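Please provide a briefing on the structure shown below, covering its interface, its charged and aromatic pairs, and selected individual residues.

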Protein chains: 2
Amino acid sequence: PCKVKHNIIMVGKNIKKLGKDDPRRVIHSLKVGLALTLVSLFYYLKPLYDGFGMSGIWAVLTVVVVFEFSVGATLGKGINRACATLTAGALGVGALHLSSLFPKEEQPIILGSLVFVLAAATTFTRFFPKIKARYDYGLIIFILTFSMISISGYRVDKLLQMAHQRLSTILIGGATCIIVSICVCPVWAGQDLHNLTASNIDKLANYLEGFGDTYFETAPEDKDCVNDIKNDKSFLQGYKSVLNSKANEESLIAALARQCAYLIEALNSQCSSDIQAPPDFTSLIQESCIKMSSETGKTLKSLATSIKAMKHPNSATEHVENSKTAAKDLKSALEAAAIEDLDLLAIISAATVASTLVEIVECVEKISDSVH
Amino acid sequence: PCKVKHNIIMVGKNIKKLGKDDPRRVIHSLKVGLALTLVSLFYYLKPLYDGFGMSGIWAVLTVVVVFEFSVGATLGKGINRACATLTAGALGVGALHLSSLFPKEEQPIILGSLVFVLAAATTFTRFFPKIKARYDYGLIIFILTFSMISISGYRVDKLLQMAHQRLSTILIGGATCIIVSICVCPVWAGQDLHNLTASNIDKLANYLEGFGDTYFETAPEDKDCVNDIKNDKSFLQGYKSVLNSKANEESLIAALARQCAYLIEALNSQCSSDIQAPPDFTSLIQESCIKMSSETGKTLKSLATSIKAMKHPNSATEHVENSKTAAKDLKSALEAAAIEDLDLLAIISAATVASTLVEIVECVEKISDSVH
């Protein structure tokens, strides 16, 4: 019983967290309830029920499947559904008309073949990646409506009246969704993508701001660098989630942020190297490397803030310049270096860190340019 | 008119290619047509129609929304739908019974509030990522069925008969899907994931097999390495698609393959470096680097083949050993090297390539271990 109580408390905490993380979720849930209650008036109000009859149920069905979190998605689904219903309805009525030219016994064969051919062709169309991404829902509704009308039309006499009733209730259901979606605390997907991009860039910034110090300051004394970074889960999980962030693939900034995350992944993999770089080489690159990582981190932080606030990033340019200067410093330090008896094997890992950081500086500069 | 003709030919070619790439797509389309034609018998055959009446339409609806490409997905959706319909149906009947205790005028208020609360709560549940991944479809059906029963029940007299008819047709529709899906050329998703993993590993192998020669052999003479690799789209697109492959995230081998793709991305970014490594350093690392990349490529090729054929990879172990030997050779060559006046800046990019290749050797060894 104690365990059950514990579980219930845990579930309660999860629910609270989910709602607190994004209060719009609670509002969205209430909006769905509201839209459903509105369309159920088709049944509860006698004058409406007399007009539409059992077709009112299609408004309920439409609300449940069309209502989405954001205004854009709801509109897209609504339009998909409306277009698909109209074309499939017209085709279905046409198919019934065609079959009515044949004797009653042969009609099922005509109708059955038509349903078979259209369903197979439409299903095949759904395999085109581009069509699937945009019109998948519409195609399903197309098959559904065509089959329903041409199959059930075989037994229904007042077909046109039925089609008319259903179409109006579907349109009313779709309109209810769109109106509730727009009028009650609307959610715009563009804004969401925007925030996602900003938070991804912020995660990269966190890693970069911490990396330089962790790698160079602890590495020479004790070998805990690996464990430090590997144990600190906020480090890892942060940029790793950017690696897998595909939702906003189309935006240039998001693609660059992912590019940057790949470089950080390469940086991170050098932390597990067993070989210690010799102190004279480390001291050569240390300062500029720490500066590159902290300045790119600051650039990204500032960019993330300005993306969120939709303001012009003021301090970003300065940090970009700083990080470019650090990269140049690194180059001249390496050029000017004259280390005797250099242990090539020992420097290779640290050299990789340095060159990866230079790549990151370039990548961050590109991100900064595309934000401006 | 010429352009229209051209477009039609292009569309035709696309359709042919889509079907040729995976002939199961054509078969799946025909299966959907078949299942729909089967359930339409509810309308065409008089004895069946007398038994189920208009409820036969729910079998059509079920087939359209439940039938999926693979047997597993169809079963999952079918079970989701069956469970959701049963619980929501029971709750809906319960709600109607509860409301029937009140006078007729108050019933809409009771029913409306119940629909509002249940729809809002279920919609909120859909925001839990784990629940969404598994039961999203079931939850939608749950809202749908509960609303439909409790709303339309207000006007229908023979409610239990209607619920019974609908439930049987939904079950028959679902059963039709599952039977057709299993009996006619079944598609098993496990097999597909399997093949996807194999083809991903194959793409990485292609890049690695080509990289060493391209990077080292053309780089010293002319600077076309960058353009070579950037222009050759099969190189790029190959491993890039692995970066974004998330479908089979859960398998260990797939995760390692993605890890390897990140390393290749880092390798690829070094190809755009402007600075040429001095010949004495290049000759030091060239042989072992080419060997590392070609041997890891061969390992992955052999692993991909054995995954596809589900056989034990015979030659992989040998290639892994070869690549590990090459990595050791590189280390000893670097240790033994005594290059005077080394230009540190010039070697840094080539050194990064070398150390990234060593990382790739380790990663490929892990992949090989997990395949065995």
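A:Glu295 counts as buried, at 7% relative accessibility (buried means under 20% relative accessible area, exposed over 50% and partly exposed in between, with a 1.4 Å probe and protein chains only). This is a predicted model, in which local features need pLDDT of at least 70 and side-chain atom pairs count only at pLDDT 80 or more, while totals for chains, interfaces and linings use all residues. Residues are numbered from 1 along each chain as its sequence is written, chains are lettered from A and ligands numbered from 1 in the order in which they are written, and side-chain values use heavy atoms, with hydrogens and water left out.

**Salt bridges**

- A:Glu295 and A:Lys298 are joined by a salt bridge between their side chains, at 4.0 Å from N to O (a salt bridge is a side-chain nitrogen of Lys or Arg within 4 Å of a carboxyl oxygen of Asp or Glu).
- In contrast to the buried A:Glu295, A:Lys298 counts as partly exposed, at 35% relative accessibility.
- In chain B, a salt bridge links B:Lys298 with B:Glu295, whose closest N and O atoms are 4.0 Å apart.
- Helix α14 (residues 279-309) of chain B holds both B:Lys298 and B:Glu295, 3 residues or about one turn of the helix apart.
- B:Lys298 is partly exposed because its relative accessibility is 35%, whereas B:Glu295 is buried because its value is 7%.
- In chain A, A:Arg126, A:Lys132 and A:Asp136 belong to one network, joined by salt bridges that share partners.
- A further salt bridge connects the side chains of B:Asp22 and B:Arg24, at 2.8 Å from N to O.
- B:Asp22 has a relative accessible area of 16% and is therefore buried, while B:Arg24, at 28% relative accessibility, counts as partly exposed.
- Over all chains, a search of the whole structure finds 18 salt bridges.

**Interface of chain A and chain B**

- The two chains meet through 79 residues of chain A in contact with 79 residues of chain B, contact being heavy atoms within 4.5 Å.
- About 7200 Å² is buried between chain A and chain B, with carbon and sulfur atoms giving 75% of this area (buried area is the accessible area, for a 1.4 Å probe, that two parts lose on being put together, summed over both).
- Of the area that chain A buries against chain B, A:Tyr44, A:Arg155 and A:Leu344 supply 11%, more than any other three residues.
- Helix α2 (residues 24-39) of chain A provides the largest share of the side of chain A that touches chain B, with 10 residues.
- That side of chain A divides into 51 nonpolar, 18 polar and 10 charged residues; Ala, Val, Leu, Ile, Met, Phe, Trp, Tyr, Cys and Pro count as nonpolar, Asp, Glu, Lys and Arg as charged, and the others, Gly among them, as polar.
- Across the interface, the rule finds 0 salt bridges.
- The rule does find 6 residue pairs in polar contact across the interface, both residues being at pLDDT 80 or more (a polar contact is a pair of N or O atoms within 3.5 Å; within protein, one must be able to donate a hydrogen and the other to accept it, and residues adjacent in sequence count only if both atoms are side-chain atoms).

**Aromatic pairs**

- Over all chains, 9 aromatic pairs are found in a search of the whole structure; rings of Phe, Tyr and Trp (its six-membered ring) pair if their centres lie within 6.5 Å, and planes under 30 degrees apart count as stacked, over 60 as edge-to-face and the rest as tilted.
- The pair of A:Phe124 and A:Phe128 is edge-to-face, because the ring centres are 6.4 Å apart and the planes stand at 85 degrees.
- Both A:Phe124 and A:Phe128 are buried.
- One aromatic cluster is formed by A:Phe69, B:Phe124, B:Phe127 and B:Phe128.

**Chain A as a whole**

- Chain A contains 16 helices and 0 strands.
- Of the 372 residues in chain A, 51% are buried.

**Selected residues**

- B:Gln165 is located in helix α9 (residues 159-183) of chain B and counts as buried, at 18% relative accessibility.
- The side chains of B:Gln165 and B:Ser55 are joined by a polar contact of 3.2 Å.
- A:Cys185, in the loop between α9 (159-183) and α10 (189-218) of chain A, has a positive phi near 40 degrees although it is a residue other than glycine.
- At 44% relative accessibility, A:Cys185 is partly exposed.

Terms used: Helix = DSSP H or I, 4+ residues; strand = E, 2+ residues; numbered from the N terminus.
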